[in-house]
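Below are my notes on the model you sent, as numbered points. They begin with the charged pairs and then move to the cores, the strands and a few backbone details.

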Amino acid sequence: MLKVEHVTKYYGDFLAVDDLSFTVKKGEIFGLLGVNGAGKTTTFRMIMGLLEPTKGTITLDGKPIDYTVTDTIGFLTEERSLLTKMTVKEQCLFYGNLKGMSDKEIEERLDALLEKFGITAYKDKKIKELSKGNQQKIQFITAILNRPRLLILDEPFSGLDPFNVELFKAEILEMSKAGSIIIFSSHRMEHVELFCKKLAIIMQGKPVLEGYLSDIKEQYRKKNILIKGDIASTDLEKIKGVLSVENTAEEMIVKIDDIAVAPAVFKVVSKHKNITKFAVEEPSLNEIFVAKVGESYEK
């Protein structure tokens with residue numbers, strides 16, 4: 001288990017992380033979210049032992065994270081961190097050796113991963129000769145080469161098309177099932193919803209929302225009603241508690257400020273013919289994120 005307990009980090013007088021706490025169990029995928037400058041990168045660096053917290057403790061399976069455990073950690077950074085004049089093989093040998101792996105172990109693992117991601121032909125190509133998407137695959141491979149016990153993924157799908165997102169997703173889920181502790185960060189909330197049952201949103205280094213995603217969505221009072229059929233948006237906009245009505249190519253999205261408004265909307269909708277869909281849905285994580293970040297800016 002990873003435990004981050006009451007961690008605070010100052011850079012001089014600047015408070016980067018403010019009394020942050022969370023736990024991630026073996027096999028869990030935890031979402032750490034926030035706008036740029038929220039304190040995520042500083043938190044990652046403290047977890048990896050690259051920075052010392054000003055206050056608080058970070059432990060992995062009950063022990064402080066130091067050089068005795070860093071070989072069991074993998075990190076995919078948001079920025080490209082590849083040595084572009086090296087070949088893919090040379091790059092992986094370099095990173096694998098830093099993690100205490102033998103050349104034989106590295107090559108066997110590399111060959112398996114290259115095949116899994118459909119890029120076996122690139123083993124002896126220089127990094128600079130690869131597309132951005134394939135460079136991202138190599139960066140991901142270097143992060144998971146050592147089968148890390150703790151894996152930190154910062155914008156892992158950057159530069160990937162939907163097909164390759166699915167390849168990454170399958171590997172991440174496989175690692176989770178094998179027991180890896182995974183921290184996932186992305187500005188794409190739909191990607192977070194693919195994996196993370198548990199998350200924290202931080203602003204200025206302090207959590208503004210945390211817990212299980214299912215609980216967060218259930219407790220968020222605003223809901224969406226999806227309607228298909230012949231009905232004018234003006235009929236719904238008049239209802240008290242309806243925040244907005246949006247017409248898309250396929251359906252109408254009615255945003256309400258509380259689930260209690262749904263029966264009033266249904267009463268109006270039921271008077272119309274040719275209604276083929278009426279569904280009350282939880283808001284997306286993106287909606288909740290924007291709302292919570294907005295509230296924090298207003299305070």
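1. Lys206 has a relative accessible area of 38%, so Lys206 counts as partly exposed. Its salt-bridge partner is Asp18, with the closest N and O atoms 4.0 Å apart. Lys206 belongs to strand β10 (residues 206–212) and Asp18 to strand β2 (residues 14–24), so this pair ties together parts that are 188 residues apart in sequence. Asp18 is also partly exposed, at 23% relative accessibility. Please keep in mind that this is a predicted model.

2. How many salt bridges does a search of the whole structure find? The count is 12. One of the pairs is Glu190 with Arg188, where the N to O distance is 2.5 Å. Glu190 is partly exposed at 39% relative accessibility, and Arg188 is partly exposed at 45%.

3. Another salt bridge joins Lys223 and Glu282, with 2.7 Å between the closest N and O atoms. The two residues come from distant parts of the chain, 59 residues apart: Lys223 sits in strand β11 (residues 223–228), and Glu282 in the loop between β14 (277–281) and α10 (285–298). Is Lys223 buried or exposed? Its relative accessibility is 7%, which is under the 20% limit, so Lys223 counts as buried. Glu282, by contrast, is partly exposed, with a relative accessible area of 37%. Elsewhere, salt bridges with shared partners join Lys89, Glu107, Asp111 and Lys123 into one network.

4. The largest nonpolar core contains 74 residues. Leu2, Phe22, Ile47, Ile138, Ile141 and Ile183 have the most contacts inside this core. Leaving aside residues up to four places away in sequence, Ile183 touches Leu2, Phe22, Phe30, Leu32, Phe44, Ile47, Leu150, Leu151, Ile152 and Leu153. Another core lies apart from the largest one; it has 14 residues, including Leu236, Ile239, Val265 and Val269. As background, nonpolar side chains tend to be buried together in soluble globular proteins.

5. Some nonpolar side chains are found at the surface. Leu83, Phe94 and Leu98 make a nonpolar patch of about 280 Å² there. Leu98 is part of helix α2 (residues 88–98). Its relative accessibility is 55%, and because the limit for exposed is over 50%, Leu98 counts as exposed.

6. Which residues of α2 are buried? They are Val88, Gln91, Cys92, Leu93 and Gly96. The cover over these buried residues includes α3 (103–116) and α4. An α-helix has 3.6 residues a turn, so residues three or four places apart point the same way. After α2 comes Gly100, with a positive phi near 85 degrees.

7. Strand β1 (residues 2–11) runs antiparallel to β4, and 5 bridges join the two strands. In this pairing, Thr8 stands opposite Lys55 of β4. β4 also pairs with β5 in the antiparallel sense, over 2 bridges. Here Thr59 stands opposite Pro64 of β5. β4 and β5 form a hairpin with 2 residues between them.

8. Most residues other than glycine have a negative phi. Where does Asp61 lie? Asp61 is in the loop between β4 (55–60) and β5 (63–64), in the turn of the hairpin. Its phi is positive, near 55 degrees, although Asp61 is not a glycine. Asp61 is partly exposed, at 43% relative accessibility.

9. Arg147 is likewise a residue other than glycine with a positive phi, in this case about 45 degrees. Arg147 is placed in the loop between α4 (132–144) and β7 (150–154). With a relative accessible area of 59%, Arg147 is exposed.

Key. Residues are numbered from 1 along each chain as its sequence is written. This is a predicted model: local features need pLDDT of at least 70, side-chain atom pairs count only at pLDDT 80 or more; totals for chains, interfaces and linings use all residues. Side-chain values use heavy atoms; hydrogens and water are left out. Patches are made of residues with over 30% relative accessible area and no salt bridge: like charges are joined within 9 Å, nonpolar side chains (Val, Leu, Ile, Met, Phe, Trp, Tyr) within 5 Å. Accessible areas come from the Shrake-Rupley method with a 1.4 Å probe; for residues, only the protein chains shown count as cover. Helices (H or I, at least four residues) and strands (E, at least two) are DSSP runs, numbered from the N terminus. Buried means under 20% relative accessible area, exposed over 50%, partly exposed in between (1.4 Å probe, protein chains only). A nonpolar core is a set of buried Ala, Val, Leu, Ile, Met, Phe, Trp, Tyr and Cys residues joined through side-chain atoms within 4.5 Å. Contact means heavy atoms within 4.5 Å. Two strands pair if DSSP finds at least two bridges between them.
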